[in-house]
Amino acid sequence: MDLTPRKDYFGNFDPSRVPSPCFVVDEAALRDNLAVLADVQERSGARVLAALKAFSMFRTGHLIAEYLSGTCASGLHEARLGYEEYGGRDQGREVHVFSAGYKEDELRQILGIAHHVIFNSFSQWKRYRALCLEAQQQRPELRFGLRINPEHSEGTNALYDPCAPCSRLGIPRALFEDEDLAGISGLHFHTLCEQDFAPLARTIAAVEEKFGELIPRMEWINFGGGHHITRGDYQVDALVDAVRAFSARHGVQVYLEPGEAISLFSGVLVGEVVDLAWNGVDQAILDVSATCHMPDTLEMPYRPDITGAARPGELPHTYKLGGQSCLAGDSIGEYSFAEPLQVGDRLVFEEMAYYTMVKTNTFNGIPLPAIALWNSSTDALEIVKEFGYEDFKGRLS
């Protein structure tokens, strides 16, 4: 996996220009990613949607709407965000929604703004079919689909594998027997996570093997997300060829839903050293928290890179980095530095645009990081939002 950026986007960024902690997104890097995705869209005929579950910095919604066909959402709130901020209301951009389970009041609202609504089970589809078809009479552009489970795992981490045994996500082929597909115009599968083309090619083969006789009855097939299309070593031409061939073979419109690929290489998290201590090893306490600001470091586990730092012992000064919370395990890991850390030093955590802002929380009352939009081409900087006590209090009662 080549996670080397196409350019050194943040090489000239001065972290002292923003408050700490702060997520910083580079508009120029974002545009570079979107240009790659727009090229795939144009050459393959696929419609590419931005997966808001990974990156939903809606300050960039108008920019994303310039390049892509719309957004995909995991429920009502993301659907509204796509509709209101990403061109779904006034630029003709599509809003697609999948949820593992809909509540009726939420679904009624979704049916007023979405283009594709995808169901996770036949029981949900049957429960709401009449409601959906009634809404379609008012909005003929509405389409309904089912998420399928091809029972073909490509993931390496069970936590992120929708095809793991006994998964709650998607309908296996055996459950389609004797079911009425009237009103269903498409199928959706999502099996990948941070992967290149080869796992998708194998998944397509598995889908065709299991669901091949159903596909020609559909108008569209959604290949889901997890495609690292903007990575330096991704096989873009192979993806284009595969989408074109699939569409021609089955007479369907293909959709792709990249999430991380939208903002790969485009964001960092700036943090500050607030204390230095020792207990068996040198410790540095930061205003960045693993549990509050980058929970994937604890869930996966995942180790973020820090600009200028290295693995423990590789540089002269090694520290165990942790956050301000009371959680004993609020640890980001051990890193080494060329010079001793000092209170007030700024650290820049790399690859912090996706699955970070969308996952932050205020456990212990720890402040949320500010959000900034920077442009590495022009050096223009905008502090989009800062958070304070009222944001913490407003989540509680």
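Predicted model: local features only at pLDDT ≥ 70, side-chain atom pairs only at ≥ 80, totals over all residues.

Colleague: How far apart are the ring centres of Trp-125 and Phe-144, and at what angle are the planes?

Modeller: The centres are 5.7 Å apart and the planes stand at 40°, so the pair of Trp-125 and Phe-144 is tilted. Trp-125 belongs to helix α5 and Phe-144 to strand β6, so the pair ties together parts 19 residues apart in sequence.

Colleague: Which residues form one aromatic cluster with these two?

Modeller: Tyr-102 and Phe-119 form one aromatic cluster with Trp-125 and Phe-144. Leaving aside neighbours within four places in sequence, Phe-119 has contacts that include Phe-98, Leu-107, Tyr-128 and Leu-146.

Colleague: And where does helix α5 lie?

Modeller: Helix α5, residues 122–138, lies across β5 and β6, and runs at about 170° to β6.

Colleague: Turning to the barrel, in what order do the strands close?

Modeller: Eight strands close in the order β2-β3-β4-β5-β6-β7-β8-β9, with parallel pairing. Neighbouring strands of this sheet are turned by 25° against each other on average, direction ignored. Strands β8 and β9 pair over three bridges, and Trp-220 stands opposite Gln-253 in β9.

Colleague: What about the core?

Modeller: The largest nonpolar core has 90 residues, and Phe-119 is one of those with the most contacts inside it. A second, separate core has 17 residues, among them Tyr-9 and Trp-374.

Colleague: Lastly, what sits over the ring of Tyr-335?

Modeller: The charged end of Arg-303 does, at 3.9 Å from the centre of that ring.

Conventions:
Residues numbered from 1 in each chain as written. Heavy atoms only, no water. Core = buried A, V, L, I, M, F, W, Y, C linked by side-chain atoms within 4.5 Å. Buried < 20%, exposed > 50% of the residue type's maximum accessible area, 1.4 Å probe, protein only. Contact = heavy atoms within 4.5 Å. Pairing = 2+ DSSP bridges. Helix = DSSP H or I, 4+ residues; strand = E, 2+ residues; numbered from the N terminus. Axes fitted to C-alpha atoms, helices over the stretch in contact; angles between N-to-C directions. Phe/Tyr/Trp six-rings, centres within 6.5 Å; stacked < 30°, edge-to-face > 60°. Lys NZ or Arg CZ within 6 Å of the ring centre and 35° of its normal.
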